[in-house]
Amino acid sequence: MTLDDAIQHMTAIVKSASASADVKAAKISDEEARLTVLAPAGDIQKIKDATFQPVMDLLKENLDVQVFVYDKDAPPPKG
């Protein structure tokens, strides 16, 4: 699996857990990416639960995709 495939896979998992989540991906290297997820507060734990094992599985393939989930109504500070 490529990093792009992994990003698409993890984005699909997030969207299946919360259809209204906004996902932004940032490639850090050829093997590492960060997904910033803005979701309703009620969906945050559902997203974390849904993405935990797939993230661990990707690590076995030497792909590090980190998923950071934030409340859509209280997004992280810019900067």
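Analyst: Here is a walk along helix H1 and on to its surroundings.

A quick word on the ground rules. This is a predicted model, where local features need pLDDT of at least 70, side-chain atom pairs count only at pLDDT 80 or more, and totals for chains, interfaces and linings use all residues. Residues are numbered from 1 along each chain as its sequence is written, and side-chain values use heavy atoms, with hydrogens and water left out.

Helices (H or I, at least four residues) and strands (E, at least two) are DSSP runs, numbered from the N terminus. H1 covers residues 3–17, which makes 15 residues. From first C-alpha to last, H1 reaches 21 Å, close to the 21 Å expected at 1.5 Å a residue; that expected span is 1.5 Å times one less than the number of residues.

Now for its two sides. Buried means under 20% relative accessible area, exposed over 50%, and partly exposed in between (1.4 Å probe, protein chains only). In H1, the buried residues are Leu-3, Ala-6, Ile-7, Met-10, Ile-13, Val-14 and Ala-17. Looking down the axis of H1, you'd find them within an arc of 125°, so they line one face of the helix; the arc is taken from the directions from the helix axis to the C-beta atoms. The spacing makes sense: an α-helix has 3.6 residues a turn, so residues three or four places apart point the same way. Over on the other side of H1, Gln-8 and Ser-16 are exposed.

What does the buried face meet? Its residues pack against S1 (22–27), S2 (32–39), H2 (44–60) and S3 (64–71). Take Ile-13: leaving out residues up to four places away in sequence, Ile-13 touches Ala-50, Thr-51 and Pro-54, where contact means heavy atoms within 4.5 Å.

That brings us to the nonpolar cores, sets of buried Ala, Val, Leu, Ile, Met, Phe, Trp, Tyr and Cys residues joined through side-chain atoms within 4.5 Å. The largest has eleven residues, including Leu-3, Met-10, Leu-35 and Val-55. H1, S2 and H2 each supply at least two residues of this core, and the largest share, five residues, comes from H1. A second, separate core of eight residues includes Ala-17, Ala-21, Val-37 and Ala-39.

Ala-17 has another neighbour, too. Asp-43, in the loop between S2 and H2, touches Ala-17, Ser-18 and Ser-20, not counting residues up to four places away in sequence. Asp-43 is itself buried, with a relative accessible area of 17%.
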